Amino acid sequence: MERILDRINYPNDIKNIDPSEYKALAKEIRRKLVRTVSETGGHLASNLGVVELTMALHLCLTFPEDKLVWDVGHQSYVHKILTGRADALWTLRQMGGVSGFPSVAEDASDSFDTGHSSTSISAALGFAKARDLKGTDEKVFAVIGDGALSGGMAYEAMNNAAALGTSLVIVLNDNKMSIAQNVGGMSNYLAKIRTNTKYRDLKLSVEDALDKIPVIGDPIAGQMRKAKDSLKRLFLTGMLFEDMGLTYIGPINGHNIAEMREAFETAASLKNEAVLVHVITQKGKGYRPAMENPELFHGIAKFDIKTGIPEGSEAVHTDTYTDVFGKWLVRAGEDHPEIVSICAAMPEGTGVVDFMEKYPDRAYDVGIAEEHAVTFAAGLAASGFRPIVSIYSTFLQRAYDQMIHDVSLNSLPVIFAVDRSGITGRDGRTHQGLYDIAYLSSIPGMTVMAPKDGAELSEMLDFALSEMDSPVAIRYPRGEACAFETDSVEVEYGKAEVIKEGKEVLILAVGEMVKPAVEVALKLDEKKIRATVVNMRFIKPFDESLVKELTLKHRVVVTIEDGTTRGGFGEQVGAFLTAEKISVKSFVNIALPDAFIEHGSRDELFEKYGLDTSSIFDRVLDAYLKSK
């Protein structure tokens, strides 16, 4: 029997589907989403929640001419299916396959590459003004989640949209969540709109009644307008958006295609104004495990469809770096009442849940608002507290100015726990943590550290808390925490650790790269080439005296880091050696290229970009042989 999905092979094919088949099509899409993500991993709950919403959008828009900008973009799987990529979805998030986020290079129907939150309205407004300047007539829609409305950029864009007076439709996908439960005033405001159904029922009748109130003479016209506005605030929803200069429509059932289609077409017909359509959806809809635990199924590994249990969850659990950080935070919180924890909408992902439960008065999830998180921490630090700010590397880069201006300029003792540094894997270009070494090292007064294993992460956190009175960033990778069998020397400010001594090749390794550096040194031993391996520990300031001393004793100097080459640790070492007029027969800087790194497993990406043990060994051996 032919599936309805078999008739959708190109953009806009949904318009050839009879409305009587929409319900069945939605069911087929959900079945495909569950089956695909169970095999590939990915963002499931958010996509299950926008099936009907995406169908309604595709019925109103024509691709690729019209522009649809997804905020974050992890909920774009349904859009990919409806633009003819259903058969390729089995390659989702696999190297060389379909991206888990919108990708212009992948398909012209993806209007804009996205991966971070609160950006869609700004980008869509740019598309809308470009349309006006060119004199074309395409529709421009932005989809943004309620969780993303905790990000200040969304309000900057809405404010500007009202001022520019261009035709733009903003679809607010309200599912009561970002990744974790939403927090803050906007969340509370939207909750009131959702629950006050009488407001929605009264909306049209009240507006009609107010418009019929006569105005007798100019002298009282102004007073009557004020009276109408006051009455609207009593009876009508969405006045916050209306007061910002947007036209508000909603709330609307986000699983009723006909109702959404009518609202979208009405919104698109309004000329020279920005319209916000408030749509309420259920995250995880159609798959019980995802409905019951939407946070787990926000981004999930492969799982068993029948049980919803992720692959490998029954295996013996080994602590990840995130686990190590979370356990340290709870222990440190017992002895240090001045510690406060700050995260940005990802308490589970950054490992602070246990601290939040034990010390709720000292734990703050500020929502998707990284800039605010950092300056909020600055205010707490200036008042005598010790904020621990835990944010993924890719998201912390959004708060670069705040780290410079509000934390470092004031020399405040904020500790940044920079999770998911380096290659993170299948989320691809927008989520790789490649730039933190470069951007953190550029900040005056910022100390930057990287542990070689889980135990050293705890030691570095202890050191930062007890010994530092200025900002510190500790970067650590995703995944299982490495464990060296030998005891480490005590952490000392700015000092590196010599792990293995040799005389011909000097390997200076950063963080996660210490383990492959040791493996490379052991392989070199087999060829009678003795290598010194140094765990740098401190990226800024790095141990210049040790580097100088050891460089003078070795023919080949190698730096290894899991960050971008531009502005990275290797470039810093190279610049130092040049400034000191120290020459070596061969200097090898092993790092990631000055490029955006695509999606794939971490192992695949390490191998592709030459950061696996075998590739590093080949480069080091080649450099050594050429130096003879």
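Student: Is the crossing of helix 3 and helix 4 right-handed or left-handed?
Tutor: Right-handed. Keep in mind that this is a predicted model.

Student: What angle do helix 3 and helix 4 pack at?
Tutor: About 45 degrees, and their axes are 9 Å apart. That angle makes helix 3 oblique to helix 4.

Student: Which residues make the contact?
Tutor: Helix 3 brings V51, T54, M55 and H58. Helix 4 brings V78, H79, L82 and T83. By class, the contact of helix 3 with helix 4 has four nonpolar residues, four polar and no charged.

Student: OK, now helix 3 and helix 11. How do they cross?
Tutor: Their axes cross at roughly 45 degrees and come within 9 Å. Helix 3 covers residues 51-60, and helix 11 covers residues 257-269. Helix 3 and helix 11 are therefore oblique to each other. The crossing is right-handed.

Student: And who touches whom there?
Tutor: From helix 3, the contact uses E52, L53, M55, A56, L57, L59 and C60. From helix 11, I257, M260, R261, F264 and E265 take part. The residues of this contact of helix 3 with helix 11 are nine nonpolar, no polar and three charged.

Student: You listed C60. Is C60 buried or exposed?
Tutor: Buried. C60 has 5% relative accessibility, so it counts as buried. C343 is another buried cysteine, at 1% relative accessibility.

Student: What meets what?
Tutor: I121, S122, L125 and K129 of helix 5 meet residues of helix 6. On the helix 6 side they are M153, A154, A157, M158, N160, A161 and L164. The contact of helix 5 with helix 6 divides into eight nonpolar residues, two polar and one charged.

Student: Change of topic. Where does H74 lie?
Tutor: In the loop between strand 1 (67-70) and helix 4 (77-85). H74 has a relative accessible area of 13%, so it is buried.

Student: What is H74 in contact with?
Tutor: Leave aside its neighbours within four places in sequence. Then H74 is in contact with H43, S46, N47, G100, F101 and H298.

Student: How far apart are H74 and G115?
Tutor: In sequence, 41 residues. In space, 7.1 Å from C-alpha to C-alpha.

Student: And T564, where is its place?
Tutor: T564 is in strand 16, residues 556-564. T564 is buried, with a relative accessible area of 6%. Not counting residues up to four places away in sequence, T564 touches L434, Y435, A438, A591, L592, P593 and D594.

Student: Let's zoom out. How many helices and strands does the protein chain have?
Tutor: It has 25 helices and 17 strands.

Student: What share of the residues is buried?
Tutor: Buried residues make up 57% of the 628 residues in the protein chain.

Student: And contacts across the sequence?
Tutor: Take contacts in the protein chain between residues at least 6 apart in sequence. Of these, 76% join residues at least 24 apart.

Key:
Residues are numbered from 1 along each chain as its sequence is written. This is a predicted model: local features need pLDDT of at least 70, side-chain atom pairs count only at pLDDT 80 or more; totals for chains, interfaces and linings use all residues. Side-chain values use heavy atoms; hydrogens and water are left out. Axes are lines fitted to C-alpha atoms, for helices over the stretch in contact, and angles run from 0 to 180 degrees between N-to-C directions. Helices (H or I, at least four residues) and strands (E, at least two) are DSSP runs, numbered from the N terminus. Angles under 35 degrees count as roughly parallel, over 145 as roughly antiparallel, 65 to 115 as roughly perpendicular and the rest as oblique. A crossing is left-handed if the near helix is turned anticlockwise from the far one by less than a right angle, and right-handed if clockwise. Contact means heavy atoms within 4.5 Å. Ala, Val, Leu, Ile, Met, Phe, Trp, Tyr, Cys and Pro count as nonpolar, Asp, Glu, Lys and Arg as charged, and the others, Gly among them, as polar. Buried means under 20% relative accessible area, exposed over 50%, partly exposed in between (1.4 Å probe, protein chains only).
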